[in-house]
Amino acid sequence: MRHHSQENAPSLYTQAAKDAFRKLDPRVLARNPVMFVVAVGSVFTTASFLHRLVTGADAGFSGQISLWLWFTVLFANFAEALAEGRGKAQADTLRSARTDTVAHKLSSDGTVTDIPASGLVPGDRVVVEAGDMIPADGTVVEGVAAVDESAITGESAPVIRESGGDRSAVTGGTTVLSDRIVVRVTQEPGKSFLERMIALVEGAERQKTPNEIALNILLAGLTLIFMLVVVTLKPLGLYHGIDIDMVVLVALLVCLIPTTISGLLAAIGIAGMDRLLQRNVLALSGRAVEAAGDVDVLLLDKTGTITLGNRMASAFLPLPGVDAGEMTRAACLASSGDETPEGRSIVELGRSLGVSQSGLP
């Protein structure tokens, strides 16, 4: 998921360019007072340019001002749309994972057919073997297996799921580590755990932080002050016998108001959420994004929250005076009954180092 936005950069840029024009809707622009003022100025200068073009007057200056103002508005919209698109890439990745999962559907006559997981309906039975991902939420109706649920619970140790009893429920997106089970699908279409995750990601609308709200108020205040200043220039100029072109006044206003900060403010906020999403962290508020920037130490209640659940032994390090071969064999024997990924990796590492097979499972 981390590289999704990079791999699809061209499509993100194309979609952001389209969204930049959709965001010209006055109802959308009104949420950013500074850029709304720039957009109104763009409309005015464009109308002035067209009028001078029709009447045969010199329209070069007003045309250039119009182009620059429209470029400013579209650039701000593009920056925000691009940041939003990168944030939505997380949901698209989850959706593709749901679509790409293959289910081994078990028919009533015992034959197994491979179909997309999205084609499963409640009541279907699927076969899941060691190394396979469970394609949908359901109940184990046959067999027993160790299941890695670290993707949804954060707990690295595998759990046992078997038919009957209160340990028969399995979740789509988890992985079977050993043996073979038959799962009866119970989820309704669109209500799987993975789809709920997608809805959560898509529903994580960006909320303005206190700092961003304060900065917006400051920018709006500065814009209002500069508008009053520019508006007074017209009558003052007429009083002194100088007729200042309105196009010049609009250009001056846009130069004075903080257009760059305002145009990129929303994009900066969304980019903060995107940086967290790239690390598989979902922030539901802008305050959380700001807080994450100040975090130096993170304390978690269990290691499985940040681990992959498949830690592997890499070396045996005996203490001084302890025979390395004897220690390795003792470690393998002690872990021979451990069904966790860590325990199995110790046995596999010992075998790869030539530990005697006698006594080991």
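Colleague: Which residues is Thr174 in contact with, leaving aside its neighbours within four places in sequence?
Modeller: Happy to start there, keeping in mind that this is a predicted model. Thr174 has its place in the loop between β6 (169–170) and β7 (175–176). Leaving aside neighbours within four places in sequence, its contacts are Asp132, Met133, Ile134, Val147, Asp148, Glu149 and Ile152.

Colleague: Why does Thr174 count as buried?
Modeller: The cut-off for buried is under 20% relative accessible area. Thr174 counts as buried because its relative accessibility is 1%.

Colleague: Nice. Which backbone oxygen does the side chain of Thr174 reach?
Modeller: The pair is 2.6 Å apart, and a polar contact needs N or O atoms within 3.5 Å.

Colleague: On to the largest nonpolar core: which element gives the largest share?
Modeller: This core has 20 residues, and Met35, Val38, Ile65, Leu69, Val73, Leu253 and Ile257 have the most contacts inside it. The elements giving two or more residues are α4 (33–55), α5 (60–100), α8 (210–239) and α9 (246–256). The largest share, 6 residues, comes from α9.

Colleague: And how many residues are in the other core, the one with Ala103?
Modeller: That core lies apart from the largest one. Val126, Val128 and Val170 are also among its members, and its size is 15 residues.

Colleague: What distance does α4 reach from its first C-alpha to its last?
Modeller: α4 has 23 residues, and the expectation at 1.5 Å a residue is 33 Å. The model comes close to that, with a reach of 33 Å.

Technical notes. Residues numbered from 1 in each chain as written. Predicted model: local features only at pLDDT ≥ 70, side-chain atom pairs only at ≥ 80, totals over all residues. Heavy atoms only, no water. Core = buried A, V, L, I, M, F, W, Y, C linked by side-chain atoms within 4.5 Å. Buried < 20%, exposed > 50% of the residue type's maximum accessible area, 1.4 Å probe, protein only. Helix = DSSP H or I, 4+ residues; strand = E, 2+ residues; numbered from the N terminus. Polar contact = N/O pair within 3.5 Å; in protein donor to acceptor, adjacent residues only side chain to side chain. Contact = heavy atoms within 4.5 Å. Expected span 1.5 Å × (residues − 1).
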